[in-house]
Amino acid sequence: MSEEIKFKIDGKEIIAKKGQTIVEAAKDNGVYIPTLCNFEGVKPKGSCRICSVKVNNRFMTSCTTPAAPGMEVYNNTTEISDLRKSIIELLFVSGNHFCPACEKSGNCELQGLAYKYQMMVPRFPYSFKKHGVIATGPKLLKEQDRCILCQRCMKTIKDESGKRYYAFHNRGTKLEVVMDEEMSKTIPDELARQAMKNCPVGSIIYKEIGFAEPIGTRKFDKQSIGSEIETN
Amino acid sequence: MKEKIESILNKYNNDPSRLMDILLDIMENSGYVDEFSISVIAESLNISVAQVKETISFYHFFSEKPRAKYNIFLNNSITSCLRGFKEVKEAFETEAGTSFGNLTEDGLIGLYETSCIGMNDQGPAAIINDKIFTNLTPYRARKIINDIKAGKKLEELVYENHGDGNNAHPLMNTMVYNHIRKKSILLDENYEKFDVIKNELKNISPQELIQTIEDSNLRGRGGAGFPTGLKWKFGSRMPGEHRVIICNADEGEPGTFKDRVMLTQFNDLVFEGMVLAAYATKADIGVLYLRYEYKYMLNYLNSVLDNMRKENLLGEDISGIEGFKFDIRIQLGAGAYVCGEESALIESMEGKRGEPRDKPPFPVEKGYMDYPTIVNNVETLASAVKIAKNGAKWYNSFGTKDSLGTKLLSVSGDCRFPGIYEVEWGTSIREVLEMAGAHNVQAVQVGGPSGTLVNVKDIDNLSKTELMKWYKPSGMMTAQTAFDRKLSYSDLPTGGSIIIFNKDRDILREVVMNFMDFFIEESCGSCSTCRNLPRIMKEKLEKIINGHGVRDDIDDLLNWGKIIKLSRCGLGQTAANPILSSILNFRHLYEDHVMAMTDYDNQFDIVKSVSPANSFVGRKFIHNHS
Amino acid sequence: MSKKIIATTSLAGCFGCHMSILDIDERILDLIELVEFNKSPVDDIKTFTKQVDIGIIEGGCCNSENVEVLKSFRDNCDILISLGECAIMGGLPAMRNGIPIEECIHEAYINGPTVKLNEEKILPNDAELPMLLDNVYPCHEIVKIDYFLPGCPPRADLIWDALVALITGNEMDLPYEVVKFD
């Protein structure tokens with residue numbers, strides 16, 4: 001069985017298939033490592049940094065780092081939990097995340113992580129960004145101040161020739177994800193619904209439907225994010 | 001119009017990976033990339049319009065909006081500020097009748113700020129339509145604007161003919177000076193150009209060449225210090241249809257300009273080094289990634305490459321070595337500091353945003369177009385030539401035990417003789433200051449904004465206790481005084497940027513704020529940490545400087561500095577260094593600003609806060625019971 | 001043990017958080033055993049009559065009066081709690097942040113679709129009226145806040161648990177279900 005890789009996460013033995021990243025191997029072994037920008041089936045980019053773990057005393061993003069034999073990975077330490085919490089807080093203050101008025105509330109992964117790490121108040125000052133809403137297309141709107149720039153839509157929502165519906169614009173603090181104006185006019189219904197689904201937050205919204213699920217039955221109302229992965 | 005764009009697209013075979021060059025050509029042709037061109041490009045390359053704009057909007061020197069006939073990019077780096085940036089800026093604005101970031105109404109003049117352009121030894125400097133204007137004063141700024149308004153041509157705006165050495169070459173003809181102040185083994189002019197390719201290469205095997213470089217202990221001179229021989233060895237062993245040698249000439253770390261001088265005066269060594277690297281690793285593709293700011297050298301450097309091809313130093317069967325095939329093209333950047341990071345540079349070369357890649361895989365495994373790629377700094381490649389000629393043992397006779405050979409320093413700031421100094425590793429800060437004629441020194445920034453702000457006073461005890469637990473520029477503990485700290489990989493590693501500040505400078509207000517602005521401007525924005533934290537930390541620093549800080553604010557800055565270390569690339573990880581390094585070495589400046597008697601302050605000012613509403617309804621007070 | 005003294009107020013809020021305080025149901029009888037209310041809409045005491053142990057703030061600051069009240073709470077209370085999203089991050093009122101104040105006032109008094117009776121286009125400016133701030137501020141950006149209880153409104157169980165923990169000095173239990181932002 002040379003295809004099998006053994007390593008450890010927080011002392012627990014993990015058996016990985018060759019070519020798996022740390023995050024994938026962890027999942028298969030019942031260990032949850034939080035992710036935001038990572039999306040199954042597409043090349044990871046390691047941009048949200050939430051899945052950072054410590055390997056050989058160095059921080060690595062577990063969504064991009066291949067599992068290697070004998071690795072000692074630290075995932076659930078006070079230090080790492082606080083760093084992850086601080087990233088969640090950074091994303092909250094750098095946008096405009098007013099949960100009670102958001103269609104995605106209860107199903108939002110950023111919110112789910114804030115619940116998991118018990119964010120009571122961000123340690124950073126709020127920026128109250130105002131990039132506004134792009135609602136020109138017939139099917140979708142994009143709430144720019146809820147976007148966490150995870151690139152999931154950029155990586156997954158493409159037409160049959162591979163053209164991307166979503167792209168970055170600008171850089172640094174001015175960076176935004178925008179939708180191609182022309183392409184947005186003709187996006188197929190199924191793809192539009194997929195776009196909303198793939199967005200971890202409430203930035204991509206399928207028009208005319210919202211707040212359909214009552215409070216209490218939504219994904220993260222009762223169950224902590226990642227609890228379906230954790231075995232013990 | 002459409003034909004012109006299509007001819008440009010055809011020139012690059014409608015290849016999306018050449019998007020940078022396509023956009024550069026369109027910029028050159030029409031001054032900006034308009035909606036129509038964008039749609040033609042998108043259609044021809046089979047990508048979406050948004051994707052084309054994604055690349056355009058990333059780079060400082062690309063524009064989707066019309067630019068002026070004369071575009072003045074004034075450098076706002078710290079050394080420029082020390083030498084009158086503000087006054088020059090005001091002179092440009094007053095005379096042109098518009099503010100920075102805008103065009104004049106007639107579209108004649110556009111004013112823009114730009115990050116370090118590698119002219120720290122002769123700033124403030126500006127790039128006007130790709131031509132460099134150095135040593136600007138308010139007088140010269142006014143003169144330039146008046147000359148433009150009077151209808152003079154670009155060449156006629158120049159107030160000095162040309163600088164020294166190759167700066168005077170007809171293909172370059174720039175007023176830039178080399179300012180070489182100290183020469184050692186690398187800048188020694190007594191050598192025969194391309195001697196190693198012509199006479200030595202046929203006598204040694206690629207393995208022997210790699211071994212020599214390994215034995216010389218040459219390490220990457222861009223700043224990171226990775227062993228060059230090892231990089232070549234890894235690259236040579238990677239399987240791949242092609243292998244690529246990239247020379248990284250995107251020096252963007254504020255305060256460094258050594259690559260400018262190397263490419264002006266010793267470009268033969270740089271290109272020869274690339275050929276040696278290609279020979280050692282069996283690479284066939286060579287690219288010099290030249291930062292846009294150095295576009296004034298482009299024609300000249302291309303002429304050097306043409307001559308090399310004529311002499312069979314590039315091309316097929318180079319120098320008569322059968323099967324040795326290698327050529328070099330020059331890829332221009334378009335204004336992005338982060339592209340100095342090797343994987344971001346490769347992304348940029350592939351026509352994309354210059355976003356650093358996740359590692360592994362490293363470029364030597366999968367680099368440009370997924371081929372094994374070796375990225376070396378300009379100085380590293382030139383040094384390799386000297387080593388190949390004179391041997392590893394010779395090279396090992398210079399420097400110190402852990403840092404062998406010499407290093408080019410770009411010295412600027414408050415000193416009499418800014419310029420390039422080639423020193424042996426192990427030279428102390430004190431010696432550098434003496435060489436450069438610096439007096440009354442308060443601080444020295446070693447390694448640019450991402451490096452260390454060295455306090456020339458004794459390191460106080462405070463820094464050795466609590467702070468050292470997590471923030472450790474290597475060797476900090478060993479030096480008796482900061483003044484005697486040595487430039488070396490074990491004490492003060494550096495890409496060579498040395499900026500000197502005298503005692504009249506306000507370290508926090510002038511220096512640290514300028515550096516933080518730089519990192520905020522130059523972040524690619526991909527990582528949540530580097531995109532957001534420098535802005536937040538700078539605002540906290542402003543709060544402290546404005547007298548609203550409390551002791552907790554200093555601790556917050558230190559703690560938040562840990563978060564940014566999670567960023568993907570070196571730029572992100574070091575983007576808080578100006579603050580962290582100044583707290584470490586100038587903590588008293590922070591302590592002086594914060595209020596000792598209170599543990600809470602928020603800068604909230606009720607009078608200021610109600611003033612927009614008050615002035616709108618015409619009220620002069622807050623409300624009746626207050 | 002002497003009773004702890006509590007004060008509450010609603011700044012730029014909707015009183016939903018106060019409703020949630022009442023939502024502790026029959027436990028309110030236990031609460032009365034533990035605490036005495038001072039300045040609060042619950043008992044309609046308008047001004048502080050003594051130093052208070054725990055001040056509970058609902059809502060952020062959108063005008064000059066909010067700031068004044070918040071500061072008086074800080075001066076008169078040993079511990080301050082930001083209760084609910086508006087107190088913590090400005091909440092719904094903060095959706096005006098980023099919009100110039102002129103636009104907000106115009107929309108409210110002149111241009112808005114529901115404005116019917118203002119033909120003279122009067123903008124309210126009586127000396128007694130508090131003035132709008134340039135932004136809606138979270139309470140902790142005006143004064144020091146000691147604890148934060150999120151939710152819109154915060155769950156009654158969260159409020160109850162927090163108060164009991166503060167009064168008794170015991171550690172607080174934070175089950176997953178009680179910390180929610182909506």
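Buried area is the accessible area (1.4 Å probe) that two parts lose on being put together, summed over both. In this predicted model, chain C and chain A bury about 2300 Å² between them, and 68% of that area is on carbon and sulfur atoms. On the chain C side, the residues losing the most area to chain A are Tyr176(C), Phe181(C) and Asp182(C), which together account for 34% of what that side buries. The contact (heavy atoms within 4.5 Å) takes 26 residues from chain C and 25 residues from chain A.

Polar interactions across this interface were then examined. The rule finds 10 residue pairs in polar contact between chain C and chain A, both residues being at pLDDT 80 or more; a polar contact is a pair of N or O atoms within 3.5 Å, where within protein one must be able to donate a hydrogen and the other to accept it, and residues adjacent in sequence count only if both atoms are side-chain atoms. With helices (H or I, at least four residues) and strands (E, at least two) taken as DSSP runs numbered from the N terminus, α4 (85–89) and β7 (147–149) of chain C each supply at least two residues of the side of chain C that touches chain A. The most is given by α4(C), with three residues. That side of chain C comprises 16 nonpolar, four polar and six charged residues, where Ala, Val, Leu, Ile, Met, Phe, Trp, Tyr, Cys and Pro count as nonpolar, Asp, Glu, Lys and Arg as charged, and the others, Gly among them, as polar.

One salt bridge is counted between chain C and chain A, a salt bridge being a side-chain nitrogen of Lys or Arg within 4 Å of a carboxyl oxygen of Asp or Glu. Arg218(A) forms a salt bridge with Asp182(C), with 2.8 Å between the closest N and O atoms. Over all chains the count comes to 60 salt bridges. Within chain A, Asp28(A) forms a salt bridge with Lys17(A), the closest N and O atoms being 3.5 Å apart. Asp28(A) lies in helix α1 (residues 22–28) and Lys17(A) in strand β2 (residues 12–17) of chain A, so the pair ties together parts that are 11 residues apart in sequence.

Residues are numbered from 1 along each chain as its sequence is written, and chains are lettered from A and ligands numbered from 1 in the order in which they are written. Local features need pLDDT of at least 70, side-chain atom pairs count only at pLDDT 80 or more, and totals for chains, interfaces and linings use all residues, while side-chain values use heavy atoms, with hydrogens and water left out.
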